[in-house]
Amino acid sequence: MIARAAVALGAVAAVSAPLWVANPYHLHVLIMAGIFTILALSLNLLLGYTGQLSLGHAAFFGIGAYTSALLALRLSWSFWLALPAAALASGLAGWAIGRLALKLRGAYFVLVTISFAGVISLVSINWMDLTNGPLGLPGVPPPTLGPWTLRTKTAYWYLVLAGAALTYLVCHRLVTSRIGRALVALRDNEPLAESVGIDGTRYLVLAAVISAAMAGVAGSLYAHYTRFVSPEVFLFSYTVTMVIMVIAGGQGTLAGPVVGALLFTALPEALREAVAWQWQMLAYGVVLVLFVFFLPRGLVPALNDVRRRAAPSRPPLQ
Amino acid sequence: MEQLLQHLVNGLVLGGTYALLGIGLTLIFGLMSVVNFAHGEFYTLGAYAAFAALALAGLPFFAALLAAIAAGALLGALCERALLRPLRGHSIDTIMLVMIGVWIAMQNAELLAWGGVARSIPHPFPTAPLTLGPLNIAPLRLFVVLTAAALIGLAWLLIQKTRLGTAMRATFQDRDTAALMGVPIGRIHTLTFAFGAALAAAAGALLGPVFLAYPSMGDLASLKAFSVVILGGLGNLAGATLGGLLLGVAEELGAGYVSSGYRDAVGFVAIILVLLFRPAGLFARAERIG
Amino acid sequence: MLVVEDLQVEFGGVLALAGVSFSVEPGTITSLIGPNGAGKTTAFNAITGYLRPTRGRVAWQGEPIAGRRPCEIARRGVVRTFQRTSVFPTLSVFDNVRTGLHLRGTAGVWSILGRMPRVSAEERRLAAAADEILTFVGLAHRRDERAGELPYGEQRLVELAVALAARPRLLLLDEPAAGMTGAEKDRLVALIRKIRGDDVTVLVVEHDMRLVMGISQTVIVLNHGRVIAEGAPAEMRAHPEVIRAYLGSSDAPA
């Protein structure tokens, strides 16, 4: 009951945000939180539901950003076409990683994802003709909707909100479906899952593709918001932030990444005045270690556990 | 032809330090099964320790090297005792995440301590290159490769010939039997990790003066260390040595003949290709330590 | 009908299975027995795709399955349980069984994302089927509890329910009675008989001789990776080879 009320309140607050958020900088923070929510949800699909950690997720984010920016800048594509194209490009990369991961698990998968991200990053720096190298791509056009241009923060906030809501919906439908059950089964007990006909290869690749495509969407949204894309999108700190959001928020739940994204976008901003960015990143490292020791499944599952113990009869996993 | 030889020599200089990194990590990852994503941070620590010793305390070069090794060993031991021992028996993923946390924390601590501007580490060697036949080599680089070779030799001796080394190999081959034979398992774990970290720090102290010291230098070092370990096979000392040299040479040749912008990609591509096609490493038939 | 021909599995120089041949008649309960290390679980692993045989053929209903992946073999109706209890620990008992029903669903990504009505209909069907299976094995009262938190004997029932959900035509049970109390074993025997009544062929690996002799039409005896005897239960009790095999090891037939 409390959870549902909180969600409803949150939804109302989100939709009405531009009305009561006075400082445009704070609205900017909210927009970034929205983009990170999409990223966290995408990483969670892989980490929380299949149990595979991808530390190269920034690569999918970056591929989406660059694809969208390049299509808009060089071929004058509309944002509404560039976005799905970005998702497609990232999804394709996700497919490649998924197929690579067939034989590999755990630490080896992580290493392959990092290496992949490293190669993509180097390509973006060195392939000057395509990406303009370290100088980046300035002047990415904002989205247009009929006669309007979504240039203001308010307009973009609604776009990002829609994107985040859509991503959440996709995740929810997947996770509560037969496919979601297959993913969880593969994570919890792969031999058993295979013994009842669940094809591990197929579902891992599927999860990787969808996860990457969603990160690509986030990239596209980012590109048309900041209107500048450079190899900095491949910065490891983006991946780190995503990972913290998922781990601290709660892997394997849907609310977890959302909570994590909000927390770890809002927190740095709130502390911005008081604490330098390097101290925050240092704190992130410590926080990660602490969570692994004390709250390995993250905040939301821990809260769920508390609730479960308080009220023993609950409906089955939906 | 001279160019080729020159590249080879440069490759061996780099490769020697990569071998140090790789040997350290193959002990930690291969024997202890700890996915040490913070390995590069010990490398960075070594570089900054050397910087502090040389630029701030004005110590001679050897002392700086020893300081770096000591720093690496101490912090490594601390890490193992405080973080890894309580988690022993947990899944490899949990340990991986903890080491990622250590990675982030250490890197940003370096950033806070030393600032983001790259530091040049002073060294006592003349800058004029020595000429040996058709080859030129800077005295510093010659020193680096010789010291690396010496350290590699010492590492081999320790692992293969001393009682400590035997105890290490025993612990990771069959823990229970080793424990029954009176091997202090906990201490061996701490010492192994400390040793691996010390080697990484040594690599940092050696390469730091050749290039520059900056807080994120460890990221690439970590990945190259993993690359070497994967090339050589987990826990394979000879493999790590050869793998390190191979990587160094491949990078130099790639940078020289293909493109210098992509030199770091060699390590990445090596990881991907080896894991796909020869997951046991290139030298799979060579003897494992553990 | 399951036909195993000259099945061989080698691990680093050791022949875990040294050329095993037998067949299992459809609609029967057949037991695979033998001392520890005889190769029973290895045979299961090789038949169900968890091990690749170094030599030999396995055919199910005329189709070769040796060397295929476990999920493909399951799709052909061959399902196994595991020696050490194997459930999805964090899921509820109901969800464990629903996962086992995976192959009975056909909803693909796009219909799921689009929330097509046939998906909801299918989910309802699957939920009903899961409840049916829970009632069949007698776990309906544990429906919403976490599988990992159940007592051992009931976890083994969950395991059985999950295997049944996958609609096997051939069910391989690896030591299903291990660790069970007498009462639990009786319940298990009744269940196995009910399963066979549904026209499912059952192949059981077991150490409990009373159970084995009680339910099997055929008993196959393995030792050192070979079949040393095959026949009706009564014959096996008196078979000199079988007795020698067991006397030579620590577990004698009860």
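**Figure 1. The largest nonpolar core.** In this predicted model, the largest nonpolar core holds 284 residues. A nonpolar core is a set of buried Ala, Val, Leu, Ile, Met, Phe, Trp, Tyr and Cys residues joined through C-beta atoms within 7 Å. Buried means that 20 or more other C-beta atoms lie within 10 Å of the residue's own; 12 or fewer makes a residue exposed, anything in between partly exposed, and C-beta atoms are placed from the backbone. Ala50(B), Ala68(B), Met99(B), Ala201(B), Ala202(B) and Ala161(C) touch the most other members. Helix α11 (residues 200-226) of chain A supplies the largest share of this core, 18 residues. Helices (H or I, at least four residues) and strands (E, at least two) are DSSP runs, numbered from the N terminus. In soluble globular proteins, nonpolar side chains tend to be buried together.

Residues are numbered from 1 along each chain as its sequence is written, and chains are lettered from A and ligands numbered from 1 in the order in which they are written. Because the model is predicted, local features need pLDDT of at least 70 and side-chain atom pairs count only at pLDDT 80 or more, while totals for chains, interfaces and linings use all residues.

**Figure 2. Surroundings of Ala201(B).** Two residues are in contact if their C-beta atoms, placed from the backbone, lie within 7 Å. Neighbours within four places in sequence are left aside here.

**Figure 3. The side of chain B that touches chain A.** Two pairs of chains are in contact, and chains A and B share the most contacts. This contact takes 32 residues from chain B and 31 residues from chain A. On chain B, α4 (92-114), α9 (217-232) and α11 (265-277) each supply at least two residues. α4(B) gives the most, with 16 residues. The chain B side divides into 24 nonpolar, five polar and three charged residues. Here Ala, Val, Leu, Ile, Met, Phe, Trp, Tyr, Cys and Pro count as nonpolar, Asp, Glu, Lys and Arg as charged, and the others, Gly among them, as polar.

**Figure 4. The side of chain C that touches chain A.** Chain C brings 32 residues to this contact and chain A brings 23 residues. On chain C, α2 (70-75), β6 (78-80), α3 (93-100), α4 (109-113) and α6 (152-165) each supply at least two residues. The largest share, five residues, comes from α3(C). The chain C side holds 18 nonpolar, eight polar and six charged residues. No contact joins chain B and chain C; their closest C-alpha atoms lie 14 Å apart.

Figure 5. α3(A) covers residues 24-50, 27 residues in total. From first C-alpha to last it reaches 38 Å, close to the 39 Å expected at 1.5 Å a residue. The expected span is 1.5 Å times one less than the number of residues. α3(A) bends by about 35 degrees at Asn44(A). That bend is the angle between axes fitted to the seven residues ending there and the seven starting there. The helix is mostly covered, with 20 of its 27 residues buried. Gly51(A) follows α3(A) and has a positive phi, near 80 degrees.

**Figure 6. The buried residues of helix α5 of chain B.** α5(B) has 23 residues (139-161), and its end C-alpha atoms are 32 Å apart, which agrees with the 33 Å they should span at 1.5 Å a residue. Its buried residues are Arg141(B), Val144(B), Val145(B), Ala148(B), Leu151(B), Ile152(B), Ala155(B) and Ile159(B). An α-helix has 3.6 residues a turn, so residues three or four places apart point the same way. The cover over the buried residues of α5(B) includes α1 (2-31), β2 (135-137), α6 (163-173), α8 (185-207) and α10 (237-258) of chain B.

Figure 7. β7(C), residues 170-174, is mostly covered: five of its five residues are buried. Leu170(C), Leu172(C) and Asp174(C) point one way, Leu171(C) and Leu173(C) the other. Strands pair if DSSP finds at least two bridges between them. β6(C) and β7(C) pair in the parallel sense over three bridges. One bridge joins Val79(C) to Leu171(C). β7(C) also pairs with β8 (residues 201-205) of chain C, in the parallel sense, over five bridges. There, Leu170(C) has Thr201(C) as its bridge partner.
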